[in-house]
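Here's a quick tour for anyone meeting this protein for the first time. Have a look at the sequence and the model below, then read on.

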Amino acid sequence: MAEMGSKGVTAGKIASNVQKKLTRAQEKVLQKLGKADETKDEQFEQCVQNFNKQLSEGTRLQKDLRTYLASVKAMHEASKKLNECLQEVYEPDWPGRDEANKIAENNDLLWMDYHQKLVDQALLTMDTYLGQFPDIKSRIAKRGRKLVDYDSARHHYESLQTAKKKDEAKIAKAEEELIKAQKVFEEMNVDLQEELPSLWNSRVGFYVNTFQSIAGLEENFHKEMSKLNQNLNDVLVSLEKQHGSNTFTVKAQPRKKTKLFSRLRRKKGSDNAPAKGNKSPSPPPDGSPAATPEIRVNHEPEPAGAATPGAALPKSPSQSSLPAVVVETFSATVNGTVESGSAAGRLDLPPGFMFKVQAQHDYTATDTDELQLKAGDVVLVIPFQNPEEQDEGWLMGVKESDWNQHKELEKCRGVFPENFTERVQ
């Protein structure tokens, strides 16, 4: 008998739920058709919009944070393999082998520590933050259903009251159901009206804490990694000193495009221009690669009237044909904003002057449009008149000594390999 009773209760509950769904569906249809009014709460609807926006932003942040962690792990693996390779090629009799191995070990530990702290202080916090959204989202949906139940009960009660033949028993029952539906709805509504604004406001503190944690961890990681890299550099410098005669030579990048001055001089009928040969530029002796010049642009305008009268600046180069750093410097030069002064403001520098470099190695010119360099020569870098003439890894300039003596670009300027020089101003 108890089993039958249990089945009866279950069947009755299912039937009740089915009836509720039908009633809600009918109510929604009537509301959409405009045959029944719908209770509106604009303030709550705004809270729901904020909730959905907050959930979307949080979900995206969580996804991007996981991608960042995956990238950290991938970099860890790549760094580990690179250090393993160094350990394998580092021969036992070379000085600093034990130090290099210890640095590699500390490097591995530092990556693992960084990844784990990101998980603990950022990802887990992120998961906790998002963990509160599913329950609230479910309650928002339930509140919506209870609101439909309330509207349906209200419409049913009103229809019985306005009927020609009133049935007091039905009216009393409908009123009882209306009061019950209203109470259930209002209890849920009040709770959400308090929670949603509070949740929305909490996003500010969450974002601050999360990104502060990430920024702090990354800053400390790079500080410690910088120390390890400096230690490794010291070990390698010691190795280089012991084997100074076995240095790796640096070569200029090959030039592929037609040489500008060779073509111009041949057009003028110069019989002295040597024919293009297949000889590669002489490599520097010590093999230390020159650093890429760092261009700093001052965006504050120079005083009016600083431009040199009659100084014709070359045409603006195309960004697609020049390295970004050269384009930025050239554009700033044209506008008279390059830090340390441009040619427009200094008569002792050539028009279009961008920065100075100093030759770190000797370079033997292999064409008439190339500069012959000796280690220590200072070159004033200027932009190409035709950007299409520039090859990757090559700059245009005039040796400072030649410029000070002649002040004529046509006679003095030429191209030279950038990696044979280093930025000095």
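## Starting at Asn189

Apart from neighbours within four places in sequence, Asn189 is in contact with Asp41, Phe44 and Arg143, where contact means heavy atoms within 4.5 Å. You'll find Asn189 in helix 5, which covers residues 168-242. Helices here are DSSP runs of H or I with at least four residues, strands are runs of E with at least two, and both are numbered from the N terminus. Asn189 counts as buried because its relative accessibility is 12%. For the cut-offs, buried is under 20% relative accessible area, exposed is over 50%, and partly exposed is in between, using a 1.4 Å probe and protein chains only.

## What kind of model this is

This is a predicted model, in which local features need pLDDT of at least 70 and side-chain atom pairs count only at pLDDT 80 or more, while totals for chains, interfaces and linings use all residues. Residues are numbered from 1 along each chain as its sequence is written, and side-chain values use heavy atoms, with hydrogens and water left out.

The pLDDT is the predictor's confidence in each residue, from 0 to 100. The protein averages 78, and 70% of the residues score at least 70. Over residues 261-282 the pLDDT is below 50, and this stretch has 30 contacts in the model beyond near neighbours in sequence. Residues 287-345 also stay under 50, and there the model has 90 contacts beyond four places in sequence.

## The overall picture

How many helices and strands does the protein have? The count comes to nine helices and five strands. From the N terminus on, the elements run α-α-α-α-α-α-α-β-β-β-α-α-β-β.

Of the 425 residues in the protein, 35% are buried. The accessible surface comes to about 26,200 Å², with 52% of that belonging to carbon and sulfur atoms; such areas come from the Shrake-Rupley method with a 1.4 Å probe, and for residues only the protein chains shown count as cover. Looking at contacts with a separation of 6 or more, 75% are between residues 24 or more positions apart.

## Arg154 in helix 4

Arg154 lies in helix 4, residues 133-161. Is Arg154 buried or exposed? Arg154 counts as buried, because its relative accessibility is 13%. The side chains of Arg154 and Asp151 are joined by a polar contact of 2.9 Å. A polar contact is a pair of N or O atoms within 3.5 Å; within protein, one must be able to donate a hydrogen and the other to accept it, and residues adjacent in sequence count only if both atoms are side-chain atoms.

Five strands form an open sheet in the order 4-3-2-1-5, with antiparallel pairing. Strand 4 (414-417) and strand 5 (421-423) stand at the edges with a single partner strand each, so one side of each has no neighbour in the sheet. Two strands pair if DSSP finds at least two bridges between them.

Strand 1 (residues 355-359) is largely enclosed by the rest of the structure, because four of its five residues are buried. Strand 1 pairs with strand 2 (residues 378-382) over four antiparallel bridges, and Gln358 stands opposite Val378 in strand 2. Three bridges join strand 1 to strand 5, again antiparallel, with Ala359 opposite Thr421 in strand 5. Further along, strand 3 (residues 394-399) runs antiparallel to strand 4, joined by four bridges, and Met396 has Val415 in strand 4 as its bridge partner.
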